[in-house]
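Please walk through this model with the structure open beside the text.

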Amino acid sequence: MREIEAAVVRSPGEHAVETVTLEDPEPGEVLVDVRATGVCHTDYHAYTSEDTDFPIVLGHEGAGVVEAVGDGVATVEPGDRVVLWVLPSCGDCERCRSGRPYLCQARRETRGRMMDGTRRLSRGGEPIDHFYAQSSFASMAVVPERQVVPVPDEVPFETGALLGCGVTTGLGAVSNVTEVDGGESVAVFGCGGVGAGAVLAAKAVSAGTIVAVDLDADTLETMAEIGATHTVNAGETDPVDEIEALTGGVDYAFECIGTPQTVQQAIASLAPGGTAAITGTSSTPPAEIDLGRFTKGISVVGNIVGFTQPRVDIPRYARMYLNGDLDLDAVLTRRYDLDELDEAFAALDAGEVIRSVVEFDERAR
Ligand SMILES: [Zn+2]
Ligand SMILES: [Zn+2]
């Protein structure tokens, strides 16, 4: 048991950095000294939602160093540099055993808890909920081994944090959910962390035309730097018309925001035979689809977290980064301290950042 610093949310939109108690890792769990955590729309949604159970410590895109391991942990040891993956999975249900841990059937019951249904966080005896079995807006976290992914020591913590959820989702949408070939055309709707990941992956597979669509001029400039061949400001022009004029319709459209409008635009921008990967949605309202589009042989595919296999894909992306083939540095546009979380959320909500991270100082050991 130890005292840690954590951003505790006690009601919608209200939080404070508090000293709380973190229990030792149970069997199959890992204690991680958190050094950086990505700030994601999923955190912001939970932060502001009336449906969240409070108190809770958010944060689900962590990176850090293994401090201690619980019984039976075999794949990491103290001192290992690790990325903390967003989605808990049991490893034992039918979907986990069929290689689809992102659809784990046991996860729903773990809301606010670790996989065994209990909590490790508390203050003065009052239990505090976990978020995605991670809660990494905190100086330390206890995380299930299956979500703790070793990466080379050369990967900076802030870069590792980018690989814990959002950017990896966009990378996976291109490399796991679809099969974009060299020379094919791609449009990406919404260029936050997920969309930036899609642009990076499209560039990595040598897509021919990569059209980035966003509302923020600075973001579009960055997309051009990391691989977009064309950028469209959807606040100034109709992206569907623009994509039609540029490409005659794209082979692949990646929807990375989750609004009915962007879902409709992604589908409408496809060439005959094209595929739209709906990647940004969470609790999106219904969208109207022009069913006549289906006579053009289009496909619309859904996914969660880009169908990422964390232990396969995250080390792969880390190697690509170290080889200079994945410009994650350009995607990280702001850094915050833990007590600046309100500023980080405000910038995220305003669409001013592609990806930001909360950083923690290395503590004296
Ligand atoms: Zn996330
Ligand atoms: Zn499972």
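Buried means under 20% relative accessible area, exposed over 50%, and partly exposed in between (1.4 Å probe, protein chains only). Serine 206, at 48% relative accessibility, therefore counts as partly exposed. Its phi is near 60°, a positive value in a residue other than glycine. Serine 206 lies in the loop between α5 (193-204) and β12. Helices (H or I, at least four residues) and strands (E, at least two) are DSSP runs, numbered from the N terminus.

This is a predicted model, in which local features need pLDDT of at least 70 and side-chain atom pairs count only at pLDDT 80 or more, while totals for chains, interfaces and linings use all residues. Residues are numbered from 1 along each chain as its sequence is written, chains are lettered from A and ligands numbered from 1 in the order in which they are written, and side-chain values use heavy atoms, with hydrogens and water left out.

Two further backbone features deserve a look. Alanine 133 has a positive phi of about 50° although it is not a glycine. It sits in the loop between β8 and β9 (140-144). Alanine 133 is buried, with a relative accessible area of 3%. A cis peptide bond, with omega about -5°, joins phenylalanine 54 and proline 55. Proline 55 is in the loop between α1 and β4. Most residues other than glycine have a negative phi, and most peptide bonds are trans.

Now the metals. Donors are N, O and S atoms within 2.8 Å of the metal (3.2 Å for Na, K and Ca); water is not among the atoms, so sites may look incomplete. Cys40 (SG), His60 (NE2), Glu61 (OE) and Cys165 (SG) coordinate the zinc ion (ligand 1) at 2.1 to 2.3 Å. Cysteine 40 lies in the loop between β3 (29-39) and α1 (41-48), and cysteine 165 in the loop between α3 (157-162) and α4 (166-177), so the pair ties together parts that are 125 residues apart in sequence. Cysteine 40 is buried at 6% relative accessibility, and cysteine 165 is buried at 8%.

The zinc ion (ligand 2) has Cys90 (SG), Cys93 (SG), Cys96 (SG) and Cys104 (SG) as protein donors, 2.3 to 2.4 Å away. Along the chain these follow the spacing C-x2-C-x2-C-x7-C. Both cysteine 93 and cysteine 96 are buried.

Next, the sheets. Two strands pair if DSSP finds at least two bridges between them. One open sheet has five strands in the order β4-β1-β2-β7-β8, with antiparallel pairing. Its edge strands, β4 (56-57) and β8 (126-128), each pair on one side only. Within it, β2 (residues 14-22) and β7 (residues 121-123) pair over two bridges in the antiparallel sense. Threonine 21 stands opposite serine 122 in β7.

Another open sheet has six strands, ordered β13-β12-β11-β14-β15-β16, with parallel pairing. β13 (230-233) and β16 (299-302) stand at the edges with a single partner strand each, so one side of each is left without a neighbour in the sheet. Five bridges join β14 (residues 250-255) to β15 (residues 270-278), which run parallel. Tyrosine 252 has threonine 275 in β15 as its bridge partner.

Finally, β17 (residues 332-336) and β18 (residues 355-359) run parallel, joined by four bridges. Tyrosine 336 stands opposite valine 358 in β18.
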